[in-house]
Amino acid sequence: MNSPTSRLVRAHLWVAFAAFAVAALMGAAQMLVRSELTAPAERPETYFISVTAHGTLMAYVLPTLFIMGFGYFVAVTALNRELPSMKAAWIAYWIAVVGIAMAAVTVFLGKATVLYTFYPPLTGSVFYYLGLVLVVVGSWIWCVQMLLAMRNWKREHPGVPVPLAMFATVANAVLWLWTTVGVAAELLFQVIPAALGWKQTIDVGLSRTLFSWTLHAIVYFWLIPAYIAFYTMLPQAAGGRLYSDTMGRLAFILFLLYSLPVGMHHLFMDPEHGSGFKFLQMMLTSLVTVPTLLTIFTITASLEIAGRLRGGTGLFGWIKKLPWDRPMVLAGGLAFVMLGFGGFGGLINMSYGMNAMVHNTSWVTAHFHLIFGGSVVIMYFAIAYEIWPKLTGRPAWSVRPLRYQIWLWFIGTMTMTLPWHLLGLFGQPRRVSTFDYSFPQIAWWGPWTMMSVAGGAIMFLSAFYFVWNLAKVFRGEPRTDIHMTYALAVHPPHRLPAALNGFALWNWLVLFLMVIAYAYPILQFFIIDAPPAMIHRA
Amino acid sequence: MNEQEILRTELRWALIVAGAVGIIVAVIVVSSAAMVLHPPSNVETIDPTTLHLEGEFVENNLGSVENPDGTITARILATQFMFVPRCVVVPAGRRVTFRLTSPDVIHGMLIDGTNVNTMVMPGYVAQVNTTFPEPGDRFVPCHEYCGLGHGGMWSMIRVVPESEWKPDADGRMSCEFPY
Amino acid sequence: MRICGLRRESASIAALEWDERNSENGMSTYPEPSAAARPQDVADDVREDDLQHVLQVVPRGAFALCAIAVALLIIFWLTIYFGIFLPRGPVS
């Protein structure tokens, strides 16, 4: 990879990983605050500043900047051509960096302690929201670059399949453009005017509904790079082939379709929506499990090919023959385990009435820390380890530290989230800084929270180990012959129907589904005319 | 094995997936319809600025009251940073309707060990119906971030046996938050 | 150890070329570089006849493994739904 592109990609990844390290430290500290032990500076102010920062950095900065950087990397390596505009890419980068700085400073000064999900009618300093808007604007420029890169390549290669990694990256760009519509509308029309003092009231039903538009699809935006690694890197790292390229394309298309019209499952316990649309979106949510379950089969079959090529026999003998010493393979296997636990929690969450059992408890926190913090971020590590030598021209002098770091992350995540599941099931609420363990009903929580403290500490260690690895381990002899490579399918397609090689048709279908799922739930606020809530400046 | 055969195995797997998801959806649909299990979805608006002056959420109308048909209605105000009242007493075995709203920001409420759980939003009345099978003290945390005092916003539901449910002449009964 | 395998820039184009070559000599001739210092860590090539050989069995193992995983998922879900959710009382 040429050095200007490498610099661009690394600039994005370093911002992402710096934010990640800071946020990991705060996450570990939060575990301490919630436990029976006493943390330094244990006050609600510091705790909620820390939660706001942790959420903002982990949910908005780490994935967005990682995905932008990784997207540029895929566009250049998979298509083997320059980016449409390096200048625009750097402008987008600086817009995002200025936005991150603006939002982070505001949060750390305690001027926007509203958590990363905003919660109007609470409002913070306008600079927090404007900072996030800038991050999103930067990411929109990235989306346009990805779309143009694919279009330009297709013009030069008529009828040739777009490489799967790029197809998936563009799917993510399209998904992100759709996803951000909800939160952008909430911020621009409701929250920012309120934060500026132009408005004294806010319709909280509408703002929650608009945010729900974004809230589920954003998770798939974070997740798709992990799936890109599953389909295009993991089979090769294991020494096999991708079982089916077609299924990969289908999975990414299904993610685009079904991660959007389902956000109201976050509002099951809300009083501003009737049970009809909640039921409809529950049904649609059940469909979003399909691309993941299909992926699990396709990737397991790909690994089975690798394991059998390496001499594995019997129904399961191929599993132990897989090269588990390779970071990508190890991370992929552990990601699947965490995806299993996290997906189980998610199935409980989506189950309509049963959501009442766990809504806003630690169960939910456990669910998304397993899916995002666990499966997705562990694949971000593996991707970083995979592409770092291509970016720097220097391989790792040893893979052992990479492996240890990945194991630590897995152990930490599992240790931290297991007690959350249990305590959530028995009513432990999310987003509470300290518990009064003298309450007889919750005295038994104490030891379990200590287990989460240990898990959080292990994750924190792993986070810093990761940054250290990137900085120190990729110091092998410089080489000039390092290229990025992507996994071959068993039967690489030579021709594809247009529907599996682009997104025009699918965008119309997304529009259709969104109209069905969200038109009335949004319009109703202009019909029922609920009395708005007074703005509360946090 | 050619691509068609590969896709056939994928299709076979997709059928298993469809069956698995179908089982879950079928259980939800049948049980929700047969047992009337729904997330609280009572779209009912109320003006948060005049709650304390008029209507059912004025101070002396909060807490639990027995209705003429023997069911219980419990009205709770979720405010920054307290539930009013902090203790609500209800009898076991009877249908209880919780009605909640907020005069200020978004709150949430759950009763531990039960399926009572709802967001409480300014501008809306949240309503949850349930029956408590067993007596006991159950804690009620606010489960949605509502400001810096959020962590201290706990209250209690005291479920008493039918024999201890002794409402006054207005059908009301109250209790003290013990902690 | 192949942290950075070195095959081709683009899977699909590489596939076109590779298929042609493959039909001539019956095996992969991709260069096999390594990111790691030790050559014994370098991954093996995928030979087309080996691939066809294992594909006589694949995806039986994957099918079994995934079916077990999904079956456990459903069993756990049913356990929670009937064992915890419903006994906790009605909600509407």
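By class, what does the lining of the second largest pocket have? I count 17 nonpolar, three polar and no charged residues there (Ala, Val, Leu, Ile, Met, Phe, Trp, Tyr, Cys and Pro are nonpolar, Asp, Glu, Lys and Arg charged, the others, Gly among them, polar).

Ground rules: this is a predicted model, where local features need pLDDT of at least 70, side-chain atom pairs count only at pLDDT 80 or more, and totals for chains, interfaces and linings use all residues. Residues are numbered from 1 along each chain as its sequence is written, chains are lettered from A in the order written, and side-chain values use heavy atoms, leaving out hydrogens and water.

Next I looked up salt bridges (a side-chain nitrogen of Lys or Arg within 4 Å of a carboxyl oxygen of Asp or Glu).

I checked A:Arg241, which bridges to C:Glu48 with the closest N and O atoms 3.8 Å apart. A:Arg241 sits in the loop between helix 7 and helix 8 of chain A and C:Glu48 in helix 2 of chain C, so the pair joins two chains. A:Arg241 is buried at 1% relative accessible area (buried is under 20%, exposed over 50%, partly exposed in between, with a 1.4 Å probe and protein chains only).

Then I found B:Arg94 and B:Glu162 meeting at 2.5 Å, N to O. They are 68 residues apart, linking distant parts of the chain. B:Arg94 is buried at 16%, while B:Glu162 is partly exposed at 40%.

Conventions
Helix = DSSP H or I, 4+ residues; strand = E, 2+ residues; numbered from the N terminus.
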